[in-house]
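Reader: Could you take me through the salt bridges here in some detail? I'd like to see how the paired side chains sit in the fold.

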Amino acid sequence: MPTIEELASQLEAVSGAKKVDPDHPLQHIADVDSLDLMEWLYGFQNRYPDIPADESLFADIDDTTTLRVVHERILALVPARA
């Protein structure tokens with residue numbers, strides 16, 4: 001499972017944003033738009049195929065949705081290890 005810092009770096013790389021603060025609302029990060037989030041999600045799905053993440057991570061995106069919130073949603077999807 002990637003750390004929240006790794007997720008932020010991945011989103012910076014996809015979007016071209018200079019800085020992605022994990023606690024800043026995603027809708028208000030300069031240079032990050034919905035297409036960037038979908039491209040980031042596609043990359044995440046390819047890197048971590050065992051985690052069933054999909055676009056529902058962003059289904060109810062609003063001013064309270066931060067990368068930290070998305071990270072918590074991803075953690076909830078991680079399959080339990082036997």
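Author: Happy to, and let's start with Asp23, which is partly exposed at a relative accessible area of 46%; buried means under 20%, exposed over 50%, and partly exposed in between, with a 1.4 Å probe and protein chains only. The term stands for a side-chain nitrogen of Lys or Arg within 4 Å of a carboxyl oxygen of Asp or Glu. The pair ties together distant parts of the chain, 45 residues apart: Asp23 lies in the loop between helix 1 (4-15) and helix 2 (34-47), while Arg68 belongs to helix 3 (residues 67-77). Arg68 is partly exposed as well, with a relative accessible area of 34%.

A word on the source: this is a predicted model, where local features need pLDDT of at least 70 and side-chain atom pairs count only at pLDDT 80 or more, whereas totals for chains, interfaces and linings use all residues. Residues are numbered from 1 along each chain as its sequence is written, and side-chain values use heavy atoms, with hydrogens and water left out.

By the rule above, the count is two salt bridges. The other one joins Arg73 to Asp60, with 3.2 Å between the closest N and O atoms. Here, too, distant parts of the chain are linked: Arg73 is in helix 3 and Asp60 in the loop between helix 2 and helix 3, 13 residues apart. Arg73 counts as partly exposed at 25% relative accessibility, and Asp60 is partly exposed with a relative accessible area of 46%. In general, side chains of opposite charge can pair when their charged atoms come close.

Now for the setting. The protein has three helices and zero strands, taken as DSSP runs (helices H or I, at least four residues; strands E, at least two) and numbered from the N terminus. Its radius of gyration, over C-alpha atoms, is 12 Å, close to the 12 Å given by the globule rule (2.2 Å times the number of residues to the power 0.38) for 82 residues, so the protein is as compact as a globular protein of that length. The C-alpha trace spans about 40 × 25 × 20 Å along its principal axes, and 37% of the 82 residues count as buried. Among contacts (heavy atoms within 4.5 Å) with a separation of 6 or more, 58% come from residues 24 or more positions apart.
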